[in-house]
Amino acid sequence: MPIAGIYGRDDFARSGRAHPAAMLRPVSPAERARALPMPSLEWTPEVERATAHLYERVKNVITPVEWPFMAPYVKAINELKAPRNAVILAHNYQTPEIFHCVADIVGDSLQLAIEATKVKESTIIQCGVHFMAETSKILNPHKTVLIPDSRAGCSLASSITGDDVRLLRERFPGVPVVAYVNTSADVKAEVDICCTSSNAVQVVESLNAPTVIFLPDQYLAKYVASKTSVKIIGWKGACEVHERFTGDELRAYREADPSVQIIAHPECPPDVLAEADFTGSTAHMINWVRKNQSKRVVMITECSMADNVQAELPDVEMVRPCNLCPHMKRITLPKILDSLVYLREEVTIDPMIADKARRSVERMINLKN
Ligand code: SF4
């Protein structure tokens with residue numbers, strides 16, 4: 001069914017409120033007081049020996065010239081996890097030295113948050129963007145959740161606030177609201193249920209309603225609308241990485257090599273998805289490449305994910321249009337080390353908002369189960 005309408009902030013009078021990710025918290029005296037000594041960051045034969053097995057994992061995507069600058073951080077981070085009783089979660093869009101060399105758990109944002117509920121460590125370091133760290137905190141309220149750079153935002157999460165959701169509810173009374181997990185805790189607290197890009201259609205249909213408000217990604221909303229008979233009301237949010245791809249770009253790849261397989265994320269515009277051989281979430285895209293083992297694959301998503309898949313599957317030639325997420329790229333090895341040394345930057349959520357947001361996230365998880 002064609003999408004019923006897409007609304008944005010221009011359609012409402014609204015109160016301005018900064019997204020929490022916009023606030024950078026300096027190191028506090030308390031954080032300084034509990035700091036561990038900063039480890040040596042020299043490239044030595046011992047560092048080379050201790051990290052050789054990790055370099056094996058990434059040698060297809062990180063050159064021998066780059067590795068001596070990364071390896072001392074990799075060793076220091078891995079050695080500090082135990083004294084800090086910490087586990088490192090890394091999103092599929094993190095760079096290979098983080099994803100393959102220091103992360104304990106990798107995956108999409110929801111996989112990370114769910115897996116984090118199963119670990120015994122008391123501290124979670126989230127290598128991803130702020131809404132992901134919030135989701136981990138929502139599901140793990142008694143653990144300390146740290147993000148190496150709290151400025152790591154997201155164009156989707158910052159496109160909408162809890163106030164916007166309340167205004168939408170006033171405009172469309174009684175219409176249930178689904179929020180993509182790429183939203184702040186404030187927004188999750190105002191909606192009926194959350195969804196991911198892999199279960200969005202299932203979540204919308206689970207509500208048994210003729211019309212559903214789906215926010216904030218207008219392109220994911222259009223994708224869902226194309227797959228269901230439920231009337232979808234969208235919001236004018238977009239992922240600044242995926243909205244840059246065009247159908248012309250994909251046609252050019254196919255003209256250059258008709259045998260190429262093109263796989264795309266549903267946050268892309270409809271003309272892009274129309275050209276793709278497969279559309280799916282990051283986890284589904286990775287599984288698709290593992291299963292199909294095609295010779296050449298164009299991965300239409302954030303380009304570090306193609307690097308991570310390339311490191312795992314060197315026989316598949318990954319064509320990676322290099323659209324980087326500037327927010328994901330705020331997370332670096334030096335900042336992860338700082339997180340462990342200073343225990344910063346801690347993610348906190350008002351307990352009342354966290355309780356309401358947890359209901360929306362858990363409703364989705366229970367539906368999945
Ligand atoms: S890739 Fe897009 S959706 Fe993901 S964090 Fe970056 S801006 Fe947000």
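Lys-335 has a relative accessible area of 25% and is partly exposed. In this predicted model, the residue forms a salt bridge with Asp-149, and the closest N and O atoms of the pair are 2.7 Å apart. Asp-149 is buried, at 2% relative accessibility. Asp-149 belongs to the loop between β5 (144-146) and α7 (162-171), while Lys-335 belongs to helix α15 (residues 333-342), so the bridge ties together parts that are 186 residues apart in sequence.

The loop between β5 and α7 also contains Ile-147. Ile-147 counts as buried, because its relative accessibility is 0% and the cut-off for buried is under 20%. The C-alpha atoms of Ile-147 and Ser-339 are separated by 7.3 Å, although the two residues are 192 apart along the chain.

Salt bridges number 22 in the structure. Another of them pairs the side chains of Asp-277 and Arg-254, at 3.2 Å from N to O. This pair links distant parts of the chain, 23 residues apart. Asp-277 sits in the loop between α12 (270-273) and β11 (278-279). Arg-254 sits in helix α11 (residues 247-256). Both ends are partly exposed: Asp-277 has 38% relative accessibility, and Arg-254 has 23%.

A further bridge joins Asp-307 to Arg-320, with the closest N and O atoms 2.4 Å apart. Asp-307 lies in helix α14 (residues 303-312) and Arg-320 in the loop between β13 (317-319) and α15, so parts that are 13 residues apart in sequence are tied together. Here the two partners fall in separate accessibility classes. Asp-307 is buried at 18% relative accessibility, whereas Arg-320 is partly exposed, with a relative accessible area of 29%. Salt bridges also form a network. Shared partners join Asp-163, Arg-166, Glu-190 and Lys-356 into one such network.

A search of the whole structure finds one cavity of 30 Å³ or more. The largest cavity holds about 310 Å³ of space. Two elements each give two or more residues to its lining, namely α5 (109-116) and α6 (130-139). In total, 29 residues line the largest cavity. Nearest its centre lie His-91, Tyr-93, Met-132, Asn-182 and Glu-267. By class, the lining divides into 13 nonpolar, 13 polar and three charged residues.

The largest cavity is the space taken by the ligand. The residues around the ligand are Tyr-93, Val-129, Cys-154, Ser-155, Leu-156, Asn-182, Cys-239, Val-241, Glu-267, Cys-325 and His-327. This shell comprises seven nonpolar residues, three polar and one charged. Tyr-93, Asn-182 and Glu-267 are among the residues around the ligand, and these three are also among the lining residues nearest the centre of the largest cavity.

Notes. Residues numbered from 1 in each chain as written. Predicted model: local features only at pLDDT ≥ 70, side-chain atom pairs only at ≥ 80, totals over all residues. Heavy atoms only, no water. Near = heavy atom within 4 Å. 1 Å grid on protein atoms, 1.4 Å probe; cavity = no way out; pocket = protein on both sides within 12 Å on 5 of 7 lines; lining within 4 Å. Sits in = over half its atoms within 2 Å of the grid points. Nonpolar A, V, L, I, M, F, W, Y, C, P; charged D, E, K, R; others polar. Points joined across faces, edges and corners; volume = space filled by probe spheres on them. Helix = DSSP H or I, 4+ residues; strand = E, 2+ residues; numbered from the N terminus. Salt bridge = Lys/Arg side-chain N within 4 Å of Asp/Glu carboxyl O. Buried < 20%, exposed > 50% of the residue type's maximum accessible area, 1.4 Å probe, protein only.
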